[in-house]
Amino acid sequence: HSHARDLLHCAVFALEKASRGSGFRWLQTSSDGCSRRLPFAHPPNQLCYSVLHRYSLSLTEAGAYQSALEICKILLSLDGSGDPIQALLLVDSLALRCPERREWLQDLWRA
């Protein structure tokens, strides 16, 4: 398991580095104030979704619920057309395990 965890951390590191260089800025807001999207329908983007989803599961197994929830929130914001990787299935259980995020969960379900 430790080798798989190390490879996963390397993949997340590579995504973070790629997001900061050469105009590939999917975690930032564009100059017009709109958040940038990473469409799941584009096959190369699916790897990014897969890595982030697996990373959130790994963080959950390690008991880092707050961090796992933040990764799920990123996953939910990447594709403007919905939830292609089913991150919402994790959000409720993670938010319930983070007392400071329970109000955020209620706001999410009201919206």
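Helices α2 and α4 pack at an angle of about 35°, and their axes lie 12 Å apart; axes are lines fitted to C-alpha atoms, for helices over the stretch in contact, and angles run from 0 to 180 degrees between N-to-C directions. Helices (H or I, at least four residues) and strands (E, at least two) are DSSP runs, numbered from the N terminus. The structure is a predicted model, in which local features need pLDDT of at least 70 and side-chain atom pairs count only at pLDDT 80 or more, whereas totals for chains, interfaces and linings use all residues. Residues are numbered from 1 along each chain as its sequence is written, and side-chain values use heavy atoms, with hydrogens and water left out.

The crossing of α2 past α4 is left-handed, a term that applies if the near helix is turned anticlockwise from the far one by less than a right angle, the clockwise case being right-handed. On the α2 side, His 53, Ser 56, Leu 57 and Thr 60 meet Leu 90, Leu 94 and Arg 97 of α4, contact being defined as heavy atoms within 4.5 Å. Helix α2 comprises 19 residues and reaches 28 Å from its first C-alpha to its last, close to the 27 Å expected at 1.5 Å a residue; the expected span is 1.5 Å times one less than the number of residues. The buried residues of α2 are Asn 45, Cys 48, Tyr 49, Val 51, Leu 52, His 53, Tyr 55, Ser 56, Ser 58, Leu 59 and Thr 60, where buried means under 20% relative accessible area, exposed over 50%, and partly exposed in between (1.4 Å probe, protein chains only). Just after α2, Gly 63 adopts a positive phi of about 85°.

Helix α4 (residues 88–97) contributes Leu 90, Val 91, Leu 94 and Ala 95 as its buried residues. These residues cover an arc of only 125° around the axis, which puts them on the same side of α4; the arc is that of the directions from the helix axis to the C-beta atoms. An α-helix has 3.6 residues a turn, so residues three or four places apart point the same way. The cover over the buried residues of α4 includes α2 (43–61), α3 (65–78) and α5 (102–110).

Helices α3 and α4 pack at an angle of about 145° with their axes 9 Å apart, and their crossing is left-handed. In this pair, Tyr 65, Ala 68, Leu 69, Cys 72 and Leu 76 of α3 meet Leu 88, Leu 90, Val 91, Leu 94, Ala 95 and Arg 97 of α4. The axes of α4 and α5 come within 8 Å and cross at roughly 145°, again in a left-handed crossing. Leu 88, Val 91, Asp 92, Ala 95 and Leu 96 of α4 make this contact with Arg 102, Trp 104, Leu 105, Leu 108 and Trp 109 of α5.

Leu 75 is located in helix α3 and counts as buried because its relative accessibility is 0%. Apart from residues up to four places away in sequence, Leu 75 touches Tyr 49, Leu 52, His 53, Ile 85 and Ala 87. His 53, which lies in helix α2, has 18% relative accessibility and therefore also counts as buried. With residues up to four places away likewise excluded, His 53 touches Leu 75, Ile 85 and Leu 90.

The loop between α3 and α4 contains Asp 83 and Gln 86. Asp 83 counts as buried, at 17% relative accessibility, whereas Gln 86 counts as partly exposed, at 43%. The side chain of Asp 83 reaches the backbone nitrogen of Gln 86 at 3.2 Å. Beyond its neighbours within four places in sequence, Asp 83 is in contact with Leu 76 and Leu 88. Gln 86 has a positive phi of about 65° although it is not a glycine. Most residues other than glycine have a negative phi. Gln 86 and Leu 75 are eleven residues apart in sequence and 9.0 Å apart in space, C-alpha to C-alpha.

Overall, the chain has five helices and zero strands, following the pattern α-α-α-α-α along the sequence. Of its 111 residues, 31% count as buried. Among contacts in the chain with a separation of 6 or more, 47% are accounted for by residues 24 or more positions apart.

Technical notes:
A polar contact is a pair of N or O atoms within 3.5 Å; within protein, one must be able to donate a hydrogen and the other to accept it, and residues adjacent in sequence count only if both atoms are side-chain atoms.
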